[in-house]
Amino acid sequence: FIGSIKQTYPDFDFTKGPAFVLGAGGATRAIIHGLLNENVPMVWIANRTRGNAENVAAQSSDAKRVSVTDWDDRHKILKEAHIVVNTTSLGMDG
């Protein structure tokens, strides 16, 4: 994921602002790990089941930089995000 961003947008600065990740599955864990390694100042997670997002946040390598927001409040966070990552199954076929 990080490699793809760097290849497509070589000047992208992960440190410029927070990341917002939608979803709380296995892909989310990997994405958050990569974002934290790139020194994103903060990662917000929203999932329809808040408890799943809280579990992902608690298991992250730097839980102080990972926070959970309610799914219904996701629009507030979107306005502040420097990067948004959709790890939900929305749009998947089959």
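## Reading salt bridges, strands and a positive phi

Author: Let's start with a charged pair: Asp-73 and Lys-76 join side chains in a salt bridge, 3.6 Å from N to O. Keep in mind that this is a predicted model.

Reader: What is the general idea behind such a pair, and how many salt bridges does a search of the whole structure find?

Author: Side chains of opposite charge can pair when their charged atoms come close. Here, the search turns up five salt bridges.

Reader: Back to the pair we began with: is Lys-76 buried or exposed?

Author: Lys-76 is exposed, at 56% relative accessible area. Asp-73 has 26% relative accessibility, so it counts as partly exposed.

Reader: And which residue forms a salt bridge with Asp-62?

Author: That's Arg-65, with the closest N and O atoms 2.6 Å apart. Buried means under 20% relative accessible area, and Arg-65, at 19%, counts as buried.

Reader: Which parts of the chain does the salt bridge between Glu-38 and Lys-6 tie together?

Author: First the contact: the side chains of Glu-38 and Lys-6 meet in a salt bridge at 3.0 Å, N to O. Lys-6 belongs to helix α1 (residues 2-8) and Glu-38 to the loop between α2 and β2, so the pair ties together parts that are 32 residues apart in sequence.

Reader: Which residues are linked in a network of salt bridges?

Author: Look at Arg-50, Glu-54 and Asp-70: salt bridges link them in a network.

Reader: Let's turn to backbone angles. What is the phi of Asn-39?

Author: The general idea: most residues other than glycine have a negative phi. Asn-39 has a positive one, near 65°, and is a residue other than glycine. You'll find Asn-39 in the loop between α2 (26-37) and β2 (43-47).

Reader: Now strands. Which residues of β4 make up its covered face, and which its uncovered one?

Author: In a regular strand the side chains alternate between the two faces of the sheet. In β4 (residues 83-86), Ile-83 and Val-85 form the covered face, while Val-84 and Asn-86 form the uncovered one.

Reader: In what sense do β1 and β4 pair?

Author: Parallel: strand β1 (residues 19-22) pairs with β4 over four bridges. To find your place in the pairing, look for Leu-22, which stands opposite Asn-86 in β4. That brings us back to Asn-86, a residue on the uncovered face of β4.

How values were computed: Residues are numbered from 1 along each chain as its sequence is written. This is a predicted model: local features need pLDDT of at least 70, side-chain atom pairs count only at pLDDT 80 or more; totals for chains, interfaces and linings use all residues. Side-chain values use heavy atoms; hydrogens and water are left out. Buried means under 20% relative accessible area, exposed over 50%, partly exposed in between (1.4 Å probe, protein chains only). Helices (H or I, at least four residues) and strands (E, at least two) are DSSP runs, numbered from the N terminus. Two strands pair if DSSP finds at least two bridges between them. A salt bridge is a side-chain nitrogen of Lys or Arg within 4 Å of a carboxyl oxygen of Asp or Glu.
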